[in-house]
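Dear colleague,

Please find the structure handed over below. I would be grateful if you would read the notes after it with the model open beside you.

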Amino acid sequence: MIEGKQNVKKRSPIWALMLSILSPGFGHVYAGNLKKGLWLFFLQFGGLFVFGKLGWLSTAYGIWFFIAFLLCLYLYAMLSAVRLALANKTYELKPYNRWYCYLIILALILFLGQTLISSRGALLGFELYQVPSRSMMPTLQPGDYIAVDTKDLSLNVGDVVVFRYPNNRQTLFTQRVVALGNDRVAIENGQVILNGKPELIASVDERFRRNEVSMSMSETVVPEGQVFVLGDWRDNSNDSRYWGAFSESDIIGKVTYIWLSKEFSRLGNKINL
């Protein structure tokens, strides 16, 4: 009888809530419903995997929907786990209600979370960045949060891309592709000339190209397998005019949407054509 009582212990709703905040399903494992806990755990990471693979997380609307999905999942998991803990006033401990089992679950949560988030570009096909500079104004402004498609790397003139800065590959830049391999590119009177013709996709408003360096550039041939990029604010952009073309392999992905911004009117703006 004494041994049996030692295996009976009521569940704390506070612990159920805290563990559910850590990860949906964790609180249910603690409170005694392993099956439901595993399902909630799967929904969290499975949802991230599915949304990423479907390409939804490289769109503003997909990101918003996924955030709403997570908020609902967490809210349901917290409330459900607390109710379960309150209901189990006399709970007989299961084999998985051991501190070392909880550590294993925590390690699994951290491992899966770290793997999916840190490798999201390669595994799930998207990246999320915040724009720090003004070189792509007015298209992108400092503080804009952008979604980047890392799966579709079929480049076209006009695409806005995130790439590794050739002079410091640890630094990421965001600029517009104005020429591809074997193209001839020049700037005349502030207008980008591609293969002898004005390239309207690469044109910018006059107020962003007033300096001499933005008004004229001698014709250059882009080597095969490389790209030539310019910032939309030509007067305030460190781009291929200064350090030349770079390899396509240094491109991380194409900017698709602004999914968060200080200006409400910019939310959901589509970037690439």
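Residues are numbered from 1 along each chain as its sequence is written, and side-chain values use heavy atoms, leaving out hydrogens and water.

The average pLDDT (the predictor's confidence in each residue, from 0 to 100) is 93 for the chain, and 97% of the residues score at least 70. Confidence is lowest in helix α1 (residues 2-6), with a mean of 50, and highest in strand β9 (residues 226-230), at 98. Helices (H or I, at least four residues) and strands (E, at least two) are DSSP runs, numbered from the N terminus. Where pLDDT is low, the predicted coordinates should not be read in detail.

In helix α6, the residues Cys101, Tyr102, Ile109, Gly113 and Leu116 are buried; buried means under 20% relative accessible area, exposed over 50%, and partly exposed in between (1.4 Å probe, protein chains only). The face of α6 turned away from the buried side carries the exposed residues Trp99, Ile104, Leu110, Phe111 and Gln114. The buried residues of α6 pack against α3 (26-31), α4 (34-53) and α7 (120-123).

Ser20 is placed in helix α2 (residues 13-22) and counts as buried because its relative accessibility is 0%. Beyond its neighbours within four places in sequence, Ser20 is in contact (heavy atoms within 4.5 Å) with Gly27, Tyr74, Ala77, Met78 and Ala81.

Yours sincerely

How values were computed: This is a predicted model: local features need pLDDT of at least 70, side-chain atom pairs count only at pLDDT 80 or more; totals for chains, interfaces and linings use all residues.
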